[in-house]
Amino acid sequence: MQASPPSLLSAAWIIARKDLAVELRTRSAFLSVLVFTLLGLATFYFAWDPSAVAAVDLAPGVLWVTFTFAGLLGLHRSFGMEAQDRAIDALLVAPVEREAIYLGKALANFVFVGTVLCAALPALVLFYNLPPAPALAALAPIALLAAIGLVSVGTLFSSMAVNTRLAELLLPMLSLPFFVPIVMASSQASTRLLAGRPLAEAMPWIKILIAFDLVFVVACTVAFPYTLEE
Amino acid sequence: MLLALAAVAGAVTRILAFTPYEAHQGAAQKIYYIHVPAAMSAYLALGVVAAMSIVYLWLHDERSDRLAESAAEVSFVFTTVVLVTGPLWARPIWNTWWSWDARLNLTLFLWFVTAAYLVLRGAIEQDAMRARYSAVLGVLAALLVPFIHLSVYLFRTMHPMPIVLKPSEPSLPREMLTTFLIASLAFLFFGVALIRARYRLTPLLRSSAGGGNA
């Protein structure tokens, strides 16, 4: 008796589990991204004059910049791991839709980035002296929305960059312009919320983030099959 | 192409010799006649890139890829002109070369995206893959532009608001409006001529660089 091929979402889930299992075994990428993030947060602190800018004003910008670059580090390995021994062929031959491969990898990247954030946000609160409960309540949802945007675009460009000559240079070059609206909207929203402004002031930026996520998750899912070699 | 160059030369003459000085800004205001038309040509060329990217993904016609490539290079050049003339104007008027104003961000950003497009093209040797990947990037970039544009209008901007293309009547005096229209047409014409010239050049460039890559 033959089992029917998995549906789109269950296939994506299987692929995500595979990627996360690989990552869990070695933990090398996770640890390096985590250390990079913490180092980034600390370095920005050393680079700035505390009498000039208050910590609470600096913190959001530092967080989003560090988050972006750390995200890029993690994203590269997403398709980089498939390049060895042409492991991508096994995925292509499997009876799953191409879009499921993209969704699975994006989901795995999202879990990866989310886990790093779980450590980075408390570190930010610690280093920059933010009030823990209000700051985390403000930053965590924004971080989640930003992470969705980041991984959706980054996973797609990772699959493209890995096939080119300049893979490690190209991924940041392609992705950073697309990260700009995410960083802009997240920083604007979190600066306002951390300064104690009402939610309504931050809402336009949060709406931009949500819109960005919706548009780009769909667009990248549709575009992904075009980036795979025929 | 010759006609386009003549049109640009004519426009520049008119700008320099025949247009009155603006009351508050003096001579520096004349950069407006180059800056804005260049921006219009740049946007037009970028629109061509986006459209041709969609066409390529739909029809897989190699000519649309060639046109997208040519339009991207021309757009890059014109955006560079905008980004150079802008600060040249800004220094005497705003007393700063650059302000992180929203509209400046949008243009800088388009410059980065176009640069990324051209670097991507340079990084891939096989024609078919290059065309496919560039088309994907082109379509995504086209989707991205409205988001950046939205952020432009979410904060108050220092950059002069539109004085011609706006709902009420243009607020430029007659001679300046004429010069502006002449300059716009000249630059648009020039942009189209450049795209056509570059398009004709593509097969030669590819055969000399790739040595006949299929």
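**Entry 1: model.** I am working from a predicted model.

**Entry 2: helix α1(A).** I looked up the extent of α1 in chain A and found that it runs over residues 8-26, 19 residues in total. From first C-alpha to last I get 28 Å, close to the 27 Å expected at 1.5 Å a residue.

**Entry 3: burial along α1(A).** I checked which residues of α1(A) are buried, and the list is Ala11(A), Ala12(A), Ile15(A), Ala16(A), Asp19(A) and Glu23(A). They lie on the same side of α1(A), because the arc they cover around the axis is only 135°. I then turned to the face pointing away from that buried side and noted the exposed residues Ala21(A), Leu24(A) and Arg25(A) there.

**Entry 4: packing partners.** I asked what the buried residues of α1(A) pack against. The partners are two helices of chain A, α2 (28-46) and α5 (98-127).

**Entry 5: end of the helix.** I looked at the backbone just after α1(A) and found Arg27(A) with a positive phi of about 55°.

**Entry 6: contact between the chains.** I looked up the contact and recorded 21 residues from chain A and 23 residues from chain B. On the chain B side, α4 (102-123) and α5 (127-154) each supply at least two residues. I note that α5(B) gives the largest share of that side, 14 residues. Sorted by class, the side of chain B that touches chain A holds 21 nonpolar residues, one polar and one charged.

Notes: Residues numbered from 1 in each chain as written. Chains lettered and ligands numbered in written order. Predicted model: local features only at pLDDT ≥ 70, side-chain atom pairs only at ≥ 80, totals over all residues. Helix = DSSP H or I, 4+ residues; strand = E, 2+ residues; numbered from the N terminus. Expected span 1.5 Å × (residues − 1). Buried ≥ 20, exposed ≤ 12 C-beta atoms within 10 Å, placed from the backbone. Arc of directions from axis to C-beta. Contact = placed C-beta atoms within 7 Å. Nonpolar A, V, L, I, M, F, W, Y, C, P; charged D, E, K, R; others polar.
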